[in-house]
Amino acid sequence: MGNFPAPKNDLILRAAKGEKVERPPCWIMRQAGRYLPEYHEVKNNRDFFQTCRDAEIASEITIQPVRRYRGLIDAAIIFSDILVIPQAMGMRVEMLEGKGPHFPEPLRNPEDLQTVLDYKVDVLKELDWAFKAITMTRIKLDGEVPLFGFCGGPWTLMVYMTEGGGSRLFRFAKQWINMYPELSHKLLQKITDVAVEFLSQQVVAGAQILQVFESWGGELSSVDFDEFSLPYLRQIAERVPKRLQELGIMEQIPMIVFAKGSWYALDKLCCSGFDVVSLDWSWDPREAVKINKNRVTLQGNLDPGVMYGSKEVIAKKVKQMIEAFGGGKSRYIVNFGHGTHPFMDPDVIKFFLEECHRIGSK
Ligand SMILES: Cc1c2[nH]c(c1CCC(=O)O)Cc1[nH]c(c(CCC(=O)O)c1C)Cc1[nH]c(c(CCC(=O)O)c1C)Cc1[nH]c(c(CCC(=O)O)c1C)C2
């Protein structure tokens, strides 16, 4: 890792490693983006992926929430998307305004898949813009808060690559794992190999903590999660630290896994090699704490929809959440159970963060 400014706030790194902290660190999934007026101003009708690929703009958007919520937010997450891995694997991905991601040529049969399997991925070259954006952001942050790198979970990326976009029925992804399980494993393995290299190189570029978003985990049955998601998540947790050592990085980089909806897998995720397990809002934190048995740090899990409520209700639910996670001084990171919505009021989010600080510091 280059010569970056010394960290002024390492709360989240300490909490992720299981150290006792003064108060729980706070950040929010999708904290940069569409609910912020300053995001729209900077993005200004530019194509989404063009925005990600411009280091100057991506770093500006990454820092926007840190600036707006100065002293209230304890991490930045690089402005990018999970779908940059399929792009690096040679697939075309567009972001349709107001609609979301679209793959003009999704993987629908074994011949389509073979093209992707045969494609030689040069992570450093294909994602060179992402590393530049991370380095620039890390310098601009000047040590104020740690910077997250991230990627999508292999199963979640396979869903987008086979469905061609967001989905409700997951018809094609389910067809792949049930009609061609062996070929599905080949694809998942290839995605995993790219993900390991991508995450490791993000750390070389300046990322200080990593999160893997297995956002469609809950679409799999428990049996299929064990076969098509968990082994690849485990590989990522196991292989990234080894790859980092090869790359000359000896310090421990905390890793978080967020498998949305995969409630049945919590016990297994707590011993999958990740330092932190992020919970969606369906969890009663007390149950999760019991299952965890202090093996990992837990992150989460307020229903983002609470942001549409009154201040009284938000304050009450923040208090309930932090108490249920054991008070927040150990093995806990505040977050939502999923990302912000474009309709949210930034001032209400500020109030949420202030309450987290007030209750968490007690
Ligand atoms: C971590 C991250 C993501 N996207 C973005 C970020 C960086 C910004 C941040 O978190 O602050 C920006 C990010 N990515 C996108 C946007 C909106 C773009 C715009 O219209 O301006 C932003 C700000 C576009 C996008 N990208 C994606 C969607 C979802 C579509 C669907 O439901 O299938 C959408 C709408 C895929 C995606 N992308 C991501 C996930 C995992 C997290 C989650 O479950 O929400 C997923 C599933 C991850």
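Is Asn294 buried or exposed? Asn294 is exposed, because 12 other C-beta atoms lie within 10 Å. The terms have cut-offs: a residue is buried with 20 or more other C-beta atoms within 10 Å of its own, exposed with 12 or fewer, and partly exposed in between, with C-beta atoms placed from the backbone.

Some ground rules. This is a predicted model: local features need pLDDT of at least 70, side-chain atom pairs count only at pLDDT 80 or more, and totals for chains, interfaces and linings use all residues. Residues are numbered from 1 along each chain as its sequence is written. Helices (H or I, at least four residues) and strands (E, at least two) are DSSP runs, numbered from the N terminus.

Back to Asn294. Asn294 sits in the loop between helix H15 (285-292) and strand E8. Its phi is near 65°, a positive value in a residue other than glycine. Asn45 also has a positive phi, of about 65°, and is not a glycine. Look for Asn45 in the loop between helix H2 (37-43) and helix H3 (48-53). Asn45 counts as exposed because it has 6 other C-beta atoms within 10 Å. As background, most residues other than glycine have a negative phi, and most peptide bonds are trans.

The bond from Gly300 to Asn301 is cis, with omega near -10°. Asn301 lies in strand E8.

Now the sheet. Seven strands form an open sheet, in the order E1-E4-E5-E6-E7-E8-E9, with parallel pairing. Two strands pair if DSSP finds at least two bridges between them. Strand E1 (76-77) and strand E9 (332-336) are the edges, and each pairs on one side only.

Strand E8 (residues 297-302) pairs with E9 in the parallel sense, over five bridges. Gly300 has Val334 in E9 as its bridge partner. How many residues of E9 are buried? Five of its five, so to speak a mostly covered strand. Tyr332, Val334 and Phe336 point one way from E9, while Ile333 and Asn335 point the other way. In general terms, the side chains of a regular strand alternate between the two faces of the sheet.

Next, strand E6. Strand E5 (residues 209-214) and strand E6 (residues 255-259) pair in the parallel sense over five bridges. Gln211 has Ile256 in E6 as its bridge partner. On the other pairing, three bridges join E6 to strand E7 (residues 276-278), and these two run parallel. There, Phe258 stands opposite Ser278 in E7. E6 is mostly covered, with five of its five residues buried. Met255, Val257 and Ala259 point one way from E6. Ile256 and Phe258 point the other way.

On to helix packing. I have two pairs. Axes here are lines fitted to C-alpha atoms, for helices over the stretch in contact, and angles run from 0 to 180 degrees between N-to-C directions.

The cut-offs: angles under 35 degrees count as roughly parallel, over 145 as roughly antiparallel, 65 to 115 as roughly perpendicular, and the rest as oblique. H6 passes H11 in a left-handed crossing. A crossing is left-handed if the near helix is turned anticlockwise from the far one by less than a right angle, and right-handed if clockwise.

Which residues meet? From H6, Pro110, Leu113, Val116 and Leu117; from H11, Leu183, Lys186, Leu187 and Lys190. By class, this contact of H6 with H11 has six nonpolar, no polar and two charged residues. Ala, Val, Leu, Ile, Met, Phe, Trp, Tyr, Cys and Pro count as nonpolar, Asp, Glu, Lys and Arg as charged, and the others, Gly among them, as polar. Two residues are in contact if their C-beta atoms, placed from the backbone, lie within 7 Å.

The second pair is helix H16 (residues 311-324) and helix H17 (residues 346-360). Their axes come within 9 Å and cross at roughly 45°. H16 and H17 are therefore oblique to each other. The crossing of H16 and H17 is right-handed. H16 brings Lys311, Ile314, Ala315, Val318, Lys319 and Ile322 to the contact. H17 brings Phe351, Phe352, Glu355, Cys356, Ile359 and Gly360. By class, the contact of H16 with H17 has eight nonpolar, one polar and three charged residues.

Why does Leu141 count as buried? Because it has 23 C-beta neighbours inside 10 Å. Leaving aside neighbours within four places in sequence, Leu141 is in contact with Ile63, Ala76 and Leu147. Leu141 and Phe4 are 137 residues apart in sequence, yet 9.7 Å apart in space, C-alpha to C-alpha.
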